[in-house]
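Here is a short report on one structure.

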Amino acid sequence: MTKDKNKVRLLIASDSFSKLGDMAEGIALATFVFTITQSGFLFGLFLFLRFVPELIIGPFSGYLADKVSRRTITVSVNLILAFMSILLLISHESYTIILIIATIASFIKMLFRPAFLSSIPLIVEEKELPNINRWFGFFGGFARVIGATIAAYGIFLNNISLIFSLNAISFLVFALVCWFVIPNKKRLISQDNEEESSTLIEALKFMWQSKKIFGLVMGSTLLWGCLALSDTLLIPTLGAAKDGGEDFYGIYRILSAVGMMIGSYFSYKWYKLFFDEGKHLVGFFIPIIIMCISTLLIPLSPFFWGYILYLLIWISKDLPANLLDVELQTVPNHIRGKIISLADAIDGILFSLITLVLPILTEFYDPGLILILVPIPFLLLTILLLINSVIQQYNKNSKSNSYI
């Protein structure tokens, strides 16, 4: 049982509301930027600068989560992000201004996840983490469906001011809830005997020595890299396939939110299916293979089968989430923030590079053709890793049986 059900429910509700607003704003901004620039390079630069903070401060963002009150961090981040949305509301006609505000907001967001994810075990029993994570993901996905619908509505009406206002309100509400719900302390009483501080080198050493966490982080890197392919090339692919096709991006994002909701709901059962030692990686690689195949098939029929394939991509993306998140949440409290930020930073390196390079290629090659070809290396590598994991698990089981 959770330590305080009402607090957890309130946190899930406010987190979901925040995701609703952030989803709507993200879709509106991406579509708006591509529409006003009609440039693959400028669009790619916009995407890259939104993720470049993971390359710069990503590995270090967990220091604050382990050093400063996690309540202070989560509240401050949400208040600043609300202010950023208000700035976009006032002035969003300039590509340069959008780029500056979006980049600053991305730096600020980097501080949130390590602090927030690290705080969940302070109000939730460890055995309940997989189930609570499932409901965070499920209701977050449901909120994203609404957010994507609002974004699609705003895009078609060419009115995104409403979206910026909504996002500002959602961040303000989330800040208020974080202030009242998240404990104003870094540690559990039972963990007072832990070391007071740790270095990034110690966190890296811990991750390397934990073969399970290291393998899952590598799997997560492949997953986010594969996700970046469709996330980066979808708008140019839609625009090339049909005049004004980029306006259908909102519909695709609705489907992505539905996919996250479905994937999150079944993530608990997926976790239970593969949570035995040695099976975590198998549970991670299977969804990546589905993502790769679905991604390369999208350009063949972007306005029919593409919808179904995109839904499969996002179901697969959230399906194995618990396999990694629970492992990250159960590391020692004094090093938890650093481990989470390191895992996110490693994911972000490949993701950021893809978002920078691929849009530039669309200036010279058909984006649909690129989207067909680029998942193939991911697919082949993941299949090899899956086979290797199955063989290792088989050999381990054989050795265990030989001692019986």
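The sulfur of C292 lies 3.6 Å from the closest cysteine sulfur, that of C226, too far for a bond. A disulfide here is a pair of cysteine sulfur atoms within 2.5 Å. By this rule the count is 0 disulfides.

This is a predicted model: local features need pLDDT of at least 70, side-chain atom pairs count only at pLDDT 80 or more, and totals for chains, interfaces and linings use all residues. Residues are numbered from 1 along each chain as its sequence is written, and side-chain values use heavy atoms, with hydrogens and water left out.

| Residue | Relative accessible area | Class |
|---|---|---|
| C226 | 1% | buried |
| C292 | 0% | buried |
| D344 | 15% | buried |
| F304 | 53% | exposed |

D344 sits in helix 16 (residues 333-361). Helices are DSSP runs (H or I, at least four residues), numbered from the N terminus. D344 and I120 are 224 residues apart in sequence and 17 Å apart in space, C-alpha to C-alpha.

F304 belongs to the loop between helix 13 (280-297) and helix 14. I290, F304, W305, I308 and L312 make a nonpolar surface patch of about 490 Å². Patch residues have over 30% relative accessible area and no salt bridge, with nonpolar side chains (Val, Leu, Ile, Met, Phe, Trp, Tyr) joined within 5 Å. A salt bridge is a side-chain nitrogen of Lys or Arg within 4 Å of a carboxyl oxygen of Asp or Glu. Helix 14 (residues 305-318) gives the largest share of the nonpolar patch, 3 residues.

Definitions and conventions: Patches are made of residues with over 30% relative accessible area and no salt bridge: like charges are joined within 9 Å, nonpolar side chains (Val, Leu, Ile, Met, Phe, Trp, Tyr) within 5 Å. Accessible areas come from the Shrake-Rupley method with a 1.4 Å probe; for residues, only the protein chains shown count as cover. Helices (H or I, at least four residues) and strands (E, at least two) are DSSP runs, numbered from the N terminus. Buried means under 20% relative accessible area, exposed over 50%, partly exposed in between (1.4 Å probe, protein chains only).
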